[in-house]
Amino acid sequence: MNAIYHKLLSVLSLYSEEREARAEAFYILEEVFGITRTDVYADKVRNLSGEEQRLFNEIVDRVGQGMPVQYAVGHSWFKGRKFSVNPDVLIPRPETEELVDMVAAWCKNKSYTILDAGTGSGCIAISLKLALPQCTVTACDISEKALATASENAERLGADVILEKQDILCFPSDKTFDILVSNPPYVCESEKSSMQRQVIGFEPHTALFVSDKDPLIFYKSLAVMGKTAKGVFCELNAALALQTQFLFEAEGYKHVVIEKDAFGKNRFLKTEFH
Ligand SMILES: C[S@@+](CC[C@H](N)C(=O)[O-])C[C@H]1O[C@@H](n2cnc3c(N)ncnc32)[C@H](O)[C@@H]1O
């Protein structure tokens with residue numbers, strides 16, 4: 001089989017199980033160079049141009065340092081669209097696509113104002129705006145670098161999203177929205193040791209981690225921010241789903257529902273008609 005495939009596989013195998021490393025090698029070849037799995041198996045891989053060879057070497061260097069492939073190639077797929085990603089933003093996760101589907105279904109044919117709190121790459125806000133063009137979508141983040149990436153994605157994907165620098169933990173009380181959606185940081189510091197090295201080493205810790213002393217800190221603010229909204233939709237830490245539900249109920253929400261993700265984990269909280 002082809003030399004460039006083997007080069008990638010040998011480097012990716014340093015960090016990933018063999019099966020995953022193979023999938024990642026094929027992903028890079030196809031996404032960046034348009035070389036398919038069939039080309040590789042049939043040993044029909046074309047020669048790379050000088051420019052492509054330089055890019056290939058750069059990608060090999062990046063993944064050789066343990067960088068996740070999405071950062072190494074500079075993009076990730078979310079809801080069938082290509083989002084630019086870099087170590088300033090979380091790599092969008094498949095579970096979050098389910099959160100978007102939930103909100104999009106609930107807001108269908110409604111002209112709501114929507115806030116995506118903690119937007120990162122902008123994947124939630126942009127996907128919602130493209131699914132619900134009649135809605136006004138605002139996205140906020142505390143990180144200016146994340147907002148710059150979200151802005152680039154919004155422009156390239158043609159989504160008219162309002163971007164604001166805001167801190168969820170002291171969000172202005174006079175700003176209200178019909179729908180609040182958020183995938184806030186929810187991984188406890190103590191869970192770090194069980195996470196993949198690539199995640200710990202490259203993904204932004206401000207996007208991931210919360211202190212063990214106050215793991216629901218973001219949900220406390222979201223529960224206050226959402227009080228005037230028609231619906232609140234959050235992604236959450238499966239291990240803290242019930243505590244998160246109690247927190248919203250203690251804030252006076254009447255219909256707080258926990259939904260499972262495709263992996264069967266308690267992953268989403270939604271409040272409706274409160
Ligand atoms: C788990 S990431 C989610 C990113 C994106 N929405 C997604 O689903 O891929 C959480 C995001 O919240 C942002 N964030 C962290 N602390 C924040 C704060 N106090 N106020 C606003 N945003 C914050 C991070 O910068 C990060 O982009």
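Q: Which residues does UniProt list for "domain: Methyltransferase small"?
A: Keep in mind that this is a predicted model. The UniProt entry, an unreviewed one, gives residues 108-192 for that domain. In the model, this span is 27% helix and 25% strand, and its end C-alpha atoms sit 38 Å apart.

Q: And where does UniProt place "domain: Release factor glutamine methyltransferase N-terminal"?
A: That one is put at residues 19-74, again in an unreviewed entry. Check what the chain does there: residues 19-74 are 71% helix and 0% strand, with 22 Å between the end C-alpha atoms.

Q: How do H1 and H4 pack, at what angle and how far apart are their axes?
A: For a helix pair, look at the angle first, then the distance. Helix H1 (residues 3-12) and helix H4 (residues 50-64) pack at about 20°, and their axes are 9 Å apart. Angles under 35 degrees count as roughly parallel, so that is how H1 and H4 run relative to each other. The crossing of H1 past H4 is right-handed.

Q: Which residues meet between H1 and H4?
A: From H1 come Ile4, Lys7, Leu8, Val11 and Leu12, and they meet Phe56, Val60, Val63 and Gly64 of H4. Sorted by class, this contact has seven nonpolar residues, one polar and one charged.

Technical notes. Residues numbered from 1 in each chain as written. Predicted model: local features only at pLDDT ≥ 70, side-chain atom pairs only at ≥ 80, totals over all residues. UniProt positions renumbered as here; feature names shortened; annotations may be inferred. Helix = DSSP H or I, 4+ residues; strand = E, 2+ residues; numbered from the N terminus. Axes fitted to C-alpha atoms, helices over the stretch in contact; angles between N-to-C directions. Parallel < 35°, antiparallel > 145°, perpendicular 65-115°, else oblique. Left-handed = near helix turned anticlockwise from the far one by under 90°. Contact = placed C-beta atoms within 7 Å. Nonpolar A, V, L, I, M, F, W, Y, C, P; charged D, E, K, R; others polar.
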